[in-house]
Amino acid sequence: MTELRTARLTVRRWRDSDLEPWAAMNADPEVREHLGDLLTRERSDASVARFQAEFDQRGYGWSAVEVQATGEFIGFAGLDQVDDGMPFTGVEIGWRLARPAWGHGYASEAALAVLAHGFDTLGLPEILAVTTATNHRSQAVMRRIGMTRNPADDFDDPTVPEGPLRPNVLYRIARSART
């Protein structure tokens with residue numbers, strides 16, 4: 001994947017200029033509310049290095065998202081292998097946006113482009129999405145992009161200690177279910 005373009009967004013490879021706004025996102029308690037601890041600048045920068053290495057290895061991964069009209073970095077979207085130790089396997093879609101980008105439909109717009117890439121270019125048979133049971137905003141995006149949830153698939157994230165971030169929900173969409 002070189003770039004994905006939508007009416008308003010570009011989903012692209014990371015740039016050095018993304019590191020500062022990415023670190024600001026990772027230091028924002030509201031952005032990290034459903035993700036766990038805030039990240040230091042060092043850990044934030046290391047996450048981008050890891051994203052880039054995984055992307056180079058697989059040909060897909062977490063990519064930067066920018067607003068085309070301004071070139072402003074607003075977060076990430078992409079596909080990733082489900083982490084080891086989860087009670088399921090597959091490829092997961094995800095997104096994370098800076099607070100000023102919330103409420104504009106950017107997450108759904110980027111996610112639809114990523115879904116199309118996963119199905120049409122990568123030939124994936126199914127794409128999953130995971131979030132905490134309390135993250136209703138992300139679950140709304142999952143439903144808007146056509147994903148469905150079977151409560152029987154919900155699970156406690158084994159990598160998270162007991163508490164509000166441990167109960168998770170799993171959404172799915174099959175290539176054949178796309179409308």
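**Rings, cores and strands in a predicted model**

The charged end of Arg 58 sits over the ring of Tyr 60, at 5.1 Å from the ring centre. A charge is counted as sitting over a ring if NZ of Lys or CZ of Arg is within 6 Å of the ring centre and within 35 degrees of the ring normal. This is a predicted model, in which local features need pLDDT of at least 70 and side-chain atom pairs count only at pLDDT 80 or more, while totals for chains, interfaces and linings use all residues. Residues are numbered from 1 along each chain as its sequence is written, and side-chain values use heavy atoms, with hydrogens and water left out.

Next come the ring pairs. A pair of aromatic rings is described by the distance of the centres and the angle of the planes. Rings of Phe, Tyr and Trp (its six-membered ring) pair if their centres lie within 6.5 Å; planes under 30 degrees apart count as stacked, over 60 as edge-to-face and the rest as tilted. The structure holds eight aromatic pairs. One of them is the tilted pair of Trp 14 and Phe 51, with 5.8 Å centre to centre and 40° between the planes. Trp 14 lies in the loop between strand E2 (9–12) and helix H1 (19–26), and Phe 51 lies in helix H2 (residues 41–58), so this pair ties together parts that are 37 residues apart in sequence. Helices (H or I, at least four residues) and strands (E, at least two) are DSSP runs, numbered from the N terminus. Both Trp 14 and Phe 51 are buried; buried means under 20% relative accessible area, exposed over 50%, and partly exposed in between (1.4 Å probe, protein chains only).

Trp 22 and Phe 76 form another tilted pair, with 5.4 Å between centres and 50° between the planes. Because Trp 22 lies in helix H1 and Phe 76 in strand E4 (residues 73–81), the pair ties together parts that are 54 residues apart in sequence. Trp 22 is buried, with a relative accessible area of 1%, and Phe 76 is buried at 4%. Ring pairs link Trp 14, Trp 22, Phe 51, Trp 62, Phe 73 and Phe 76 into a cluster.

Strand E4 also has strand partners. Two strands pair if DSSP finds at least two bridges between them. E3 and E4 run antiparallel and are joined by five bridges; Val 65 has Gly 75 of E4 as its bridge partner. The hairpin of E3 and E4 has five residues between the strands, and Gly 71 in this hairpin takes a positive phi near 75°. E4 also pairs with E5 in the antiparallel sense, over seven bridges, and Ala 77 stands opposite Trp 95 in E5. Eight of the nine residues of E4 are buried, so this strand is largely enclosed by the rest of the structure.

In soluble globular proteins, nonpolar side chains tend to be buried together. A nonpolar core is a set of buried Ala, Val, Leu, Ile, Met, Phe, Trp, Tyr and Cys residues joined through side-chain atoms within 4.5 Å. The largest nonpolar core here has 32 residues, and those with the most contacts inside it are Ile 74, Leu 79, Ile 93, Trp 95, Ile 127, Ile 145 and Met 147. Elements that give two or more residues to this core include E2, strand E3 (62–67), E4, strand E5 (91–97) and H3. H3 gives the most to this core, with eight residues. Apart from this core lies another, of twelve residues, among them Met 25, Val 31, Phe 51 and Phe 73.

Helix H3 (residues 106–121) has 16 residues and reaches 22 Å from its first C-alpha to its last, close to the 22 Å expected at 1.5 Å a residue. The expected span of a helix is 1.5 Å times one less than its number of residues. H3 is mostly covered, with twelve of its 16 residues buried. Just after H3, Gly 123 takes a positive phi of about 70°.

Phe 119 has its place in helix H3 and is buried, with a relative accessible area of 2%. Contact means heavy atoms within 4.5 Å. Not counting residues up to four places away in sequence, Phe 119 touches residues including Leu 124, Ile 127, Ile 173 and Ala 174. Phe 119 and Ala 174 are 55 residues apart in sequence and 8.7 Å apart in space, C-alpha to C-alpha.
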